[in-house]
There are 2 protein chains.
Amino acid sequence: MKTIPGLALVGEDLVQVEQRMREAPHENIEPLITAIDTILNSGGKRVRPALALLTNRFYRPTEDKVISLAAAVEMLHTATLVHDDLIDNALLRRGNPTLNAIWSPGATVLTGDFLFAWAANLAAQTEHMRVMSIFSRTLMVICSGEIRQLFQRFWREQTHQDYERRIFAKTASLFAAATEAAAVLASAPEPEVGALRDYGHQLGMAFQIVDDVLDFVGSSREMGKPVGSDMRQGIVTLPILYYLDLHPDDELLTRIFEGHADNGVVEAAVAHIRQAGAVDAALDDARFYVQRAQAALTGFPANGYRQAMLDLADFVVQRRV
Amino acid sequence: MKTIPGLALVGEDLVQVEQRMREAPHENIEPLITAIDTILNSGGKRVRPALALLTNRFYRPTEDKVISLAAAVEMLHTATLVHDDLIDNALLRRGNPTLNAIWSPGATVLTGDFLFAWAANLAAQTEHMRVMSIFSRTLMVICSGEIRQLFQRFWREQTHQDYERRIFAKTASLFAAATEAAAVLASAPEPEVGALRDYGHQLGMAFQIVDDVLDFVGSSREMGKPVGSDMRQGIVTLPILYYLDLHPDDELLTRIFEGHADNGVVEAAVAHIRQAGAVDAALDDARFYVQRAQAALTGFPANGYRQAMLDLADFVVQRRV
């Protein structure tokens, strides 16, 4: 977390969020205790809770309920990762073994379900009906986005619009929910709730594009998973779309889309996509979203929280992990 | 639904519940539309929504929000079935192919997740914070109960207490939530909320015991799944516990607990368990819970709704499916 600017402002809060996430009522079920430990110890950047905290602290320096909200948002994200890794048969995340790498599929499904439930409980701790509505609506957007992504794998004819819709659902919707709910919890004026939601939304779009770019430019060591993982799974991301705009009949990608590409083919395709400037084009889109996120904060008082949110947006396109 | 007494009182409401469940925002994702149709068309007794409706109508004949609550409860139940069938690799439910029988595990996991999300959204439609808290707490109890059940499979040393705890978590907790939340939504006096919750709780215990008994006495045709399914999966139910009390070293059960029992062994064990009176002993427990459920309604006005709830309790131990 040291690499993320501005988070010092909410550093103590983030420690509390971490603690709250661990308060899951595991009822002394040994495997569940192990699972929660494994998942929470493997870390994560905690960008989503930071967004909720910065937004809320902007208005209310002492509200405790935002700790539960921030924990709910991160727990929801974590729950989706558990099921994602199972579905992708991914064995590593952030350099650590995934739950499905060490457990049966059944236990992994149920642990993911438990974490979804725990996220809902954390959200309920806010005791704020509108926050709960935002939370449950977002959960559904994420789930339908995941299904869309699954059924759009290996689908060559998809457009930039299909991609944008998908990354809104799987990522930006939760970023937007984090800032919106945190603003609602702080009783922010309605136009400001809208602006802060928009900030989260645009930032989330940038974040996911960069995440998708890192599948092409990150090293396996940095990312804790093999390069080209998404492409291997048939997930069509923005660099691929830009590359296909230039080379619609590319043979390597044809083989990948047919679902029988070995490591050599994937690595060669990664190299071609980088060289063609498709990664740079995708990053340009990410920068555009970052600017829109920052523009959404125009008109807010120029205090430390606003600055931290501006810096966080810059960080999103500069990060390497 | 014709076989369940007293439901005529809420028949029209149940039609609305069915419609509301189908209002899931599938966003025209073809596979999701198919999945929702398949799951909802395969029916179910709709006992849980009926409980919510009868409880609420006792106080408020016209409240619309209870339709959403009843739909939320049934949808939550349905979501757990989707993941259960995947984990058990069950191919039939109520005589119809399960989702996992026709789809990939990934698609089945995500569809279950979507249904959980839809259930949470339906609960949020009540716009009642306490209802949401009951709902999210129950979701977590169910999930931890499922995990407990998974890790207690093929475990011979478990006690009646372990069993009771598990069936509370997986079944009775949701029955109790249905009646409690419906009473809360109707602004029932607090002691009555407690009594109605208790009614749901006791009824749920009886319901699950009978469900477990039907694995031994129902025919495959009636149940829509093979006899002895639970035992084959290593799930220790009440008839097995009573049988083990009498025959702690039974050889057939030893083979089943060792996880390598063929159909012949399972069928022979089923016959032994029936003959030993273990099924009758389990049914006695169920009847005891039914009496407690009915006793919880003492002191309520003797109107048609109360009578329907008393009849529903009797039905639970008489049902064959």
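Modeller: What follows takes up confidence, then the contact between the chains, then the helix packing.

Colleague: Good. What are the mean pLDDT of chain A and the ipTM?
Modeller: This is a predicted model, in which chain A has a mean pLDDT of 91 with 97% of its residues at 70 or more, and the scores for the model are ipTM 0.90 and pTM 0.92.

Colleague: And which rotation superposes chain A on chain B?
Modeller: A rotation of 180° does it, with 0.0 Å of shift along its axis and an RMSD of 0.0 Å, which is the relation of a two-fold axis. In chain A, M129(A) has the C-alpha nearest that axis, at 2.6 Å.

Colleague: Now the helices. At what angle do α6 of chain A and α7 of chain B cross?
Modeller: The axes of α6(A), residues 105–124, and α7(B), residues 129–151, cross at roughly 160° and come within 8 Å of each other; the two helices are therefore roughly antiparallel, and α6(A) passes α7(B) in a left-handed crossing.

Colleague: Which residues meet there?
Modeller: On α6(A) they include L110(A), F114(A), W118(A) and N121(A), and on α7(B) they include R137(B), M140(B), C143(B) and I147(B). Sorted by class, this contact of α6(A) with α7(B) has 13 nonpolar, six polar and three charged residues.

Colleague: Switching to packing inside chain B, how do α4 and α6 cross?
Modeller: Helix α4(B), residues 65–88, and helix α6(B), residues 105–124, have axes that come within 8 Å and cross at roughly 165°, which makes α4(B) roughly antiparallel to α6(B). The crossing of α4(B) past α6(B) is left-handed. Among the residues making the contact are L69(B), M75(B), V82(B) and H83(B) of α4(B), together with V109(B), L115(B), F116(B) and L122(B) of α6(B).

Colleague: How many charged residues are in that one?
Modeller: The contact of α4(B) with α6(B) has no charged residues, the classes being 16 nonpolar and six polar.

Notes: Residues numbered from 1 in each chain as written. Chains lettered and ligands numbered in written order. Predicted model: local features only at pLDDT ≥ 70, side-chain atom pairs only at ≥ 80, totals over all residues. Axes fitted to C-alpha atoms, helices over the stretch in contact; angles between N-to-C directions. Helix = DSSP H or I, 4+ residues; strand = E, 2+ residues; numbered from the N terminus. Parallel < 35°, antiparallel > 145°, perpendicular 65-115°, else oblique. Left-handed = near helix turned anticlockwise from the far one by under 90°. Contact = placed C-beta atoms within 7 Å. Nonpolar A, V, L, I, M, F, W, Y, C, P; charged D, E, K, R; others polar. Least-squares fit on C-alpha atoms with pLDDT ≥ 70 in both. pLDDT = per-residue confidence, 0-100.
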